[in-house]
Structures are given as structure tokens and as C-alpha cells.
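Subject: Structure handover and notes

Hi,

Here is the structure for your files. Please open it alongside this note; what I found follows below.

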Amino acid sequence: MPGTVLITGASSGIGAACARRFLAEDWSVAAVGRNREALERLRAQAPERLLAITADLTREADLAAIAAAAAAWRPRLQAVVQCAGDFLARSIEATAPAEFERIWRLTVWAKFALVRALLPHLGRPAALVHLASLAAHRDFPEETAYTSAMHAVIGLARAQDAELRGRGIRAAVVSPGTVRTPLTERSFPAAALEGALAPEAIAGSVWHLVETIREGGYIPEIFHVPQNSA
Ligand SMILES: NC(=O)c1ccc[n+]([C@@H]2O[C@H](COP(=O)([O-])OP(=O)(O)OC[C@H]3O[C@@H](n4cnc5c(N)ncnc54)[C@H](OP(=O)(O)O)[C@@H]3O)[C@@H](O)[C@H]2O)c1
């Protein structure tokens with residue numbers, strides 16, 4: 001039976017592919033992003049089954065507003081998929097502490113604080129899926145803020161799962177290598193994206209994690225890398 005999922009980063013890249021996938025599976029989707037136009041374009045796919053929520057995930061007041069909007073629309077969420085994020089490739093010297101904090105706030109703090117705000121609205125079972133990265137497993141130089149935040153995303157999911165599994169809520173991560181999205185298209189030269197994964201492939205992994213949890217199983221992490229990746 002189709003459920004309701006809340007997806008962050010739904011206005012672009014991997015999050016948008018996840019939203020399209022869940023809509024195609026007949027789920028209802030509460031789609032979160034700052035770009036209202038992009039969310040409205042998604043809504044055209046299934047107007048009755050998509051709620052567009054414009055919010056900045058780094059603002060605590062917005063998180064409460066997201067929870068209130070989702071609860072007013074559908075009484076329970078069966079899944080929360082957090083794809084919102086940003087990338088920063090800089091040396092330690094070139095990374096201002098405020099930039100480090102910005103990456104961590106969006107990548108880690110928001111994933112914690114949004115789950116906290118949504119807990120009263122989660123059905124049972126419920127699946128929490130966070131987007132992590134290959135960077136959590138390979139230690140890339142000149143990406144200290146990003147790489148350390150992605151390590152923390154995996155730790156966050158493990159801590160959430162340990163605390164919430166007794167309540168029927170499981171937390172898992174997808175850790176992709178390079179995926180062709182607006183983020184990578186603006187961050188890397190075209191040659192670096194040859195052989196990159198499609199966002200739809202990552203959406204397939206997210207869907208598999210959620211379905212597995214719904215069926216009573218559990219996969220803690222899918223490590224999803226392109227064929228030519230080390
Ligand atoms: N692409 C890759 O190769 C790759 C690989 C491994 C991991 N990842 C991770 O996967 C996640 C998604 O990446 P992507 O490639 O799909 O990036 P993307 O296309 O740039 O999408 C990023 C999304 O995050 C949202 N976002 C950013 N700041 C926000 C804020 N303050 N409040 C609310 N939403 C915010 C953006 O929405 P608005 O602009 O509408 O706010 C957008 O929907 C990121 O965490 C990224 O690090 C990506």
C-alpha cells in the first residue's frame with residue numbers, strides 16, 4: 001500500500017529523482033526546497049499527491065513549519081528522505097570557519113533537527129534515509145568540511161537507528177560516488193563527470209531501502225558507486 005514520504009532537496013538532482021520515483025510508485029510526496037518554481041514543476045506530475053513546502057533547512061523555525069505543513073496534509077509519514085546538501089572543495093587554509101559551519105549545519109544539523117521535529121508524525125514502521133557520500137569512506141584532500149560532515153551523517157544514522165529501532169523507526173544511508181546533478185555540473189569539469197551515475201539510480205537505492213524497511217528487513221547502507229570508480 002503506497003505511503004507518504006517527506007523528501008528534502010526535492011527541487012534538484014538526487015532529491016528530485018527520489019520525488020519522481022516515489023510519485024511513480026503511487027506514494028504521496030511532501031517535497032521540501034527553497035526553489036518554489038522547481039517544486040511546482042514536480043507537482044505537475046501528480047498534483048493531488050505532491051505538497052510543495054518552501055523552506056530553508058538551516059533555520060529552526062522553518063523545520064517546525066515543515067512538520068506542521070506535512071502533518072496538516074497527511075496524518076502520518078512512512079518515510080523521510082533527506083537529500084538537501086551542498087559541496088565545498090577547499091583546502092583547510094581556504095575554508096573559513098563560518099563556511100565549515102554552514103556545510104555542517106545543512107548536512108548534519110538539519111538531518112538531526114528535522115527528524116526531531118517530525119518524530120511525532122512518523123507512522124510505524126517508518127524509514128529514515130539520509131544521503132551520505134563516497135567521501136564518508138574515502139578521505140579526499142581539500143574537502144575537509146564536506147568529508148567530515150559526510151562521516152557524521154553515517155554516525156547520525158547509526159545513532160538514530162540505535163535509539164529508534166525499538167519504536168519501529170529505522171535509519172539508513174545511501175553513499176554515492178559521483179552522480180550527474182546540478183551540484184556536480186557546477187563543481188567539476190565535464191570530463192570528471194564521464195561515467196557518473198544518474199540521479200535515478202540513487203533514487204532506486206533509496207526506494208529499495210524504504211521498501212526493505214517496510215517489509216520488516218533492514219539494510220543500513222547502500223554504497224552506490226559508478227562502475228569505473230575505485
Ligand atoms: N551529486 C553527487 O555526485 C553526490 C555524490 C554523493 C553525495 N551527494 C549528496 O547528495 C545530496 C544531494 O546532492 P545533489 O547532487 O542532488 O545536489 P543538488 O542538485 O545541488 O541539490 C541540492 C538540493 O539541496 C537543497 N538545499 C540546499 N540548501 C538548502 C537549504 N538551506 N534549505 C533547503 N534546501 C536546501 C536544494 O534546494 P533549493 O536550492 O531549492 O533550496 C537542492 O534541492 C547532497 O547532500 C550531496 O552532498 C551528491
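Where is the place of Thr107? Thr107 sits in helix 4. Before going further, some ground rules. This is a predicted model, in which local features need pLDDT of at least 70 and side-chain atom pairs count only at pLDDT 80 or more, while totals for chains, interfaces and linings use all residues. Residues are numbered from 1 along each chain as its sequence is written, and side-chain values use heavy atoms, with hydrogens and water left out. Helices (H or I, at least four residues) and strands (E, at least two) are DSSP runs, numbered from the N terminus.

Thr107 is buried, at 2% relative accessible area. The cut-offs are these: buried is under 20% relative accessible area, exposed is over 50%, and partly exposed is in between (1.4 Å probe, protein chains only). Leaving aside neighbours within four places in sequence, Thr107 is in contact with Ala149, Met150 and Val153. Contact means heavy atoms within 4.5 Å.

Those contacts belong to a longer list. Helix 4 spans residues 97-118 and helix 5 spans residues 144-164. Their axes come within 8 Å and cross at roughly 15°. Axes here are lines fitted to C-alpha atoms, for helices over the stretch in contact, and angles run from 0 to 180 degrees between N-to-C directions. Helix 4 and helix 5 are therefore roughly parallel to each other. For the angle classes, under 35 degrees is roughly parallel, over 145 is roughly antiparallel, 65 to 115 is roughly perpendicular, and the rest is oblique.

The crossing of helix 4 and helix 5 is right-handed. By class, the contact of helix 4 with helix 5 has 13 nonpolar, 4 polar and 1 charged residues. Ala, Val, Leu, Ile, Met, Phe, Trp, Tyr, Cys and Pro count as nonpolar; Asp, Glu, Lys and Arg count as charged; the others, Gly among them, count as polar.

**Helix 3 against helix 4**

The axes of helix 3 and helix 4 come within 9 Å and cross at roughly 40°. That makes helix 3 oblique to helix 4. This crossing is right-handed. Glu60, Leu63, Ile66 and Ala67 in helix 3 meet Arg105, Trp109, Ala113, Leu114, Ala117 and Leu118 in helix 4. The contact of helix 3 with helix 4 has 8 nonpolar, no polar and 2 charged residues.

**Salt bridges**

A salt bridge is a side-chain nitrogen of Lys or Arg within 4 Å of a carboxyl oxygen of Asp or Glu. By this rule the count is 13.

- Asp26 with Arg49: the closest N and O atoms are 3.7 Å apart. This pair links distant parts of the chain, 23 residues apart. Asp26 is in the loop between helix 1 (13-24) and strand 2 (28-33), and Arg49 is in the loop between helix 2 (36-43) and strand 3 (50-54). Asp26 is partly exposed at 46%. Arg49 is partly exposed at 24%.
- Glu99 with Arg102: the closest N and O atoms are 2.9 Å apart. Being 3 residues apart in helix 4, they are separated by about one helical turn. Arg102 is partly exposed at 32%.
- Arg165 with Asp161: the closest N and O atoms are 3.1 Å apart. Arg165 is partly exposed at 45%, whereas Asp161 is buried at 2%.

There is also a network of salt bridges linking Asp86, Arg90, Glu99, Arg102 and Arg186.

**Backbone points**

Asp26 has a positive phi of about 75° although it is not a glycine. Glu142, also not a glycine, has a positive phi of about 60°. Glu142 is in the loop between strand 5 and helix 5. The peptide bond from Arg124 to Pro125 is cis, with omega near -5°. Pro125 lies in strand 5 (residues 122-131).

Best wishes

Note on methods:
Left-handed = near helix turned anticlockwise from the far one by under 90°.
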